[in-house]
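Group the points by topic.

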Amino acid sequence: MNEENVRQNSFKAWILAARPKTLTAALIPVVTACALAWKDSAFNLYAATVCMAFASLMQIASNLINDLYDFKKGTDGDDRLGPKRATAQGWITPKAMQAGIMITLITACAFGCLLISQSGLWLVALGAACVVFAFLYTTFLSYYGFGDILVIIFFGIVPVTATYYIQAEKITPELLICAFSCGIVSDTLLVLNNFRDRDTDRRTGKRTLIVMLGERFGRNLYLWLGIAACALTLSLACRGMWSAALLPLPYIIIHVKTWRTMIRINRGRELNAVLGMTSRNMSVFAVLLSAGILLS
């Protein structure tokens, strides 16, 4: 989308602020869980649709919170590598951004409440935890090296297990394997983002794992996360799910190719293209894993 001549608080401004390309990370765990539910003859289209809406809205809310918090901390002027922040660019006023965050969170929670009668009040606690950590991640935890753990939890374990449990009302070993795999794959996007921003993060006091442990650690972490995700899915063979174990393996090829591109570029704005490649790779992994689950 063309980012020139964006009118303040316009629909176009909000679309840019929502960063729709990041929705991949939110939808991957839901799609994977739905494939597992379908395999176990428990798929519920209504529940799946609501889970997708909740996950997408929470991702958008997190993006808006991150946008506003970075603006208030004054880091946008230093960070010229990543996507433009809508608040800093003047596309959305801080007051409007605050209202947008509240509306998005309320709408997400409203969708979540649609499943309470079907699944129980535990969804209220889960939804509250998602909202709390959406704020804590941006404003505190990501500044002290906890970002990767939270991604694995809230883009893997929580959405996969919750989406499946809402439909099947049980937890299985293969579910946990897929949940961890999705979380690990999603973390490749955060690692690349932190690798790109490592110099700015160091200057602004944001202590990501890459800032604390170094550039070489970041390169290796990105590579081994993708390999670990496929290694986990291989363990599905022990559950008799051979298709789900083997079909995701081609993901390693494109993951390694992207890693090599990341090493070659190393730093600067050009790494934004690698973010797009990583998002594509995540989608490929989810499609292959889901197809493998359905064929098992």
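In this predicted model, the buried residues of helix α1 (residues 11-18) are A13, L16, A17 and A18, where buried means under 20% relative accessible area, exposed over 50% and partly exposed in between, with a 1.4 Å probe and protein chains only. These buried residues of α1 pack against α3 (45-73) and α4 (94-113); contact means heavy atoms within 4.5 Å. Helices (H or I, at least four residues) and strands (E, at least two) are DSSP runs, numbered from the N terminus.

**Basis and confidence**

- Residues are numbered from 1 along each chain as its sequence is written, and side-chain values use heavy atoms, with hydrogens and water left out.
- Local features need pLDDT of at least 70 and side-chain atom pairs count only at pLDDT 80 or more, while totals for chains, interfaces and linings use all residues.
- The average pLDDT of the chain is 90, and 95% of the residues score at least 70; pLDDT is the predictor's confidence in each residue, from 0 to 100.
- Over residues 77-82 the pLDDT stays under 50, and the model has 14 contacts beyond four places in sequence for this stretch.

**Around helix α1**

- N9 is found in the segment before α1.
- The phi of N9 is positive, about 60 degrees, although N9 is not a glycine.
- With a relative accessible area of 32%, N9 is partly exposed.
- R19 follows α1 and has a positive phi, near 50 degrees.

**Packing of α8 and α14**

- Helix α8 (residues 173-196) packs with helix α14 (residues 271-295) at an angle of about 175 degrees, and their axes are 9 Å apart.
- That angle makes α8 roughly antiparallel to α14.
- Axes are lines fitted to C-alpha atoms, for helices over the stretch in contact, and angles run from 0 to 180 degrees between N-to-C directions.
- Angles under 35 degrees count as roughly parallel, over 145 as roughly antiparallel, 65 to 115 as roughly perpendicular and the rest as oblique.
- The residues that make the contact include C178, S181, V185 and T188 of α8, and L271, N272, M282 and I293 of α14.
- By class, the residues of the contact of α8 with α14 are 12 nonpolar, 7 polar and 1 charged.
- In this classification Ala, Val, Leu, Ile, Met, Phe, Trp, Tyr, Cys and Pro count as nonpolar, Asp, Glu, Lys and Arg as charged, and the others, Gly among them, as polar.

**Nonpolar cores**

- The largest nonpolar core has 45 residues, of which L236, M262 and I293 touch the most other members.
- A nonpolar core is a set of buried Ala, Val, Leu, Ile, Met, Phe, Trp, Tyr and Cys residues joined through side-chain atoms within 4.5 Å.
- The elements that give two or more residues to this core are α2 (23-39), α7 (147-168), α8, α11 (215-234), α12 (242-246), α13 (251-265) and α14.
- Helix α8 provides the largest share of this core, 11 residues.
- Another core, of 25 residues, lies apart from it, and L16, W91, I101 and L105 are among its members.
- Leaving out residues up to four places away in sequence, I293 touches T32, A35, L36, K39, C178, M241 and A244.

**Residues in helix α2**

- T24 is found in helix α2 and is buried, with a relative accessible area of 19%.
- Beyond four places in sequence, T24 touches S279, M282 and S283.
- V30 also lies in helix α2 and is buried, at 1% relative accessible area.
- V30 and T163 are 133 residues apart along the chain, and their C-alpha atoms are separated by 6.2 Å.
- Not counting residues up to four places away in sequence, V30 touches A48, C51, M52, A55 and T163.

- H255 lies in helix α13 and counts as buried at 0% relative accessibility.
- Apart from neighbours within four places in sequence, H255 is in contact with T188, Y222, L223, G226, I227 and N281.
- N266 lies in the loop between α13 and α14 and is buried, with a relative accessible area of 19%.
- The phi of N266 is positive, near 70 degrees, in a residue other than glycine.

**The loop between α9 and α10**

- R207 is found in the loop between α9 (198-204) and α10 (209-213), and counts as partly exposed at 43% relative accessibility.
- R207 and G145 are 62 residues apart in sequence and 5.7 Å apart in space, C-alpha to C-alpha.
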